[in-house]
Amino acid sequence: MRAQSSATASPRIAVGATGTTTPGASSGTVLAALGVVAFSLTFPATAWGLEGFGPWSLIAVRSILAAAVAGGCLVVLRVAPPERRHWLGLAVVGAGVVLGFPLLTTLALQTSTTAHAAVVVGLLPLTTALLSALRVGTRPSRTFWIAALAGAAAVIAFTVQQSGGALTSADAYLFGALLVCAAGYTEGGRLARRMPGWQVIGWALVLCLPLTVPMAAVALSFEPVHLTAHSVTGLLWVAIGSQFLGLVVWYRGMAAIGIPKASQLQLAQPLLTLVWSVLLLGEHLPVAAPLTAAAVLVCIAVTQRARG
């Protein structure tokens, strides 16, 4: 009777397969949305970071700083290492969201604007939902897929029009980043149902240290560093805000509401990125942005209410 009353007293908390707790649907949506807000600042913060760091130095140092924060939490809380069967999934998370996506998008931002780079984010929700269906076996409804395709089309049309419709040499980096990030999100969302989301990204960051530490040593010896307020602020945000805290709430939200529904919240990310670009980088907001934002919000609402 005591266990039953305890479960009744917390109706918004679900228990995962291994006994870990995940938030309910409403809380999960809020957490995933907070992750999207954190991610939307990544491109402007990266642009700031590139003012003082080379691309390879920025990626390596941001990963090491995030790993130091995550590793410190793991040590202080005496978290046991994951089971052996989870290490391959953590390696996919590390390759996708710790190394692959940051590196490829940073290289792209050397020759691309943040608006053009938003094409990647515009396709990321649909790609993540597709990979989730293949990897995890999720089966969203037809309504979900129609709304997801409509939202992706709206974002792509807006961002391509905003960039003048021209393809650049950065596009290869951007489409590669799209694929590796979707894989990392899918695998991280799956693992977050078996361990807390902060441990998923924490162990992935620690797992990458044997690569990021030598990378930082080599990169810093070849790429000059000019510390400014912008470059330091950008580095700290991409390391702690995007790379760690953003992924903590993101994976926890994905575990609660499912990978497909959480992924569609990212339809709003390119538009948020453009807002930050106006405020932080002085770029101009196109007239079509409010109309696109309204269309995207409708698509997000439909995906969140769709069955499955």
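**Close-ups of rings and a greasy-side-chain patch**

**View 1. Phe101 and its stacked partner, Phe43.** Phe101 counts as buried, at 12% relative accessibility. Keep in mind that this is a predicted model. Phe43 is buried too, with a relative accessible area of 3%. The ring centres of Phe43 and Phe101 sit 6.5 Å apart with the planes at 20°, so this pair is stacked. Phe43 belongs to helix H3 (residues 42–49) and Phe101 to helix H5 (residues 87–108), so the pair links distant parts of the chain, 58 residues apart.

**View 2. Phe39 meets Trp250 edge-to-face.** Searching the whole structure turns up 5 aromatic pairs. In one of them, Phe39 and Trp250 have ring centres 5.7 Å apart and planes at 75°, so the pair is edge-to-face. Phe39 comes from helix H2 (residues 25–40) and Trp250 from helix H11 (residues 229–257), so the pair ties together parts 211 residues apart in sequence. Both Phe39 and Trp250 are buried.

**View 3. A nonpolar patch on the surface.** Here we switch to the outside. The patch has about 680 Å² of accessible area together, and its members include Leu65, Val69, Leu220, Val225 and Leu245. Helix H4 (55–76) and H11 are the elements that give two or more residues to the nonpolar patch. H11 gives the most, with 4 residues.

**View 4. Leu220, one of the patch residues.** Look for Leu220 in helix H10 (residues 209–222). With 39% relative accessibility, Leu220 counts as partly exposed.

Note on methods: Residues numbered from 1 in each chain as written. Predicted model: local features only at pLDDT ≥ 70, side-chain atom pairs only at ≥ 80, totals over all residues. Heavy atoms only, no water. Phe/Tyr/Trp six-rings, centres within 6.5 Å; stacked < 30°, edge-to-face > 60°. Buried < 20%, exposed > 50% of the residue type's maximum accessible area, 1.4 Å probe, protein only. Patch = residues over 30% accessible without salt bridge, like charges linked within 9 Å, V, L, I, M, F, W, Y side chains within 5 Å. Areas by Shrake-Rupley, 256 points an atom, 1.4 Å probe, with all protein chains shown as cover. Salt bridge = Lys/Arg side-chain N within 4 Å of Asp/Glu carboxyl O.
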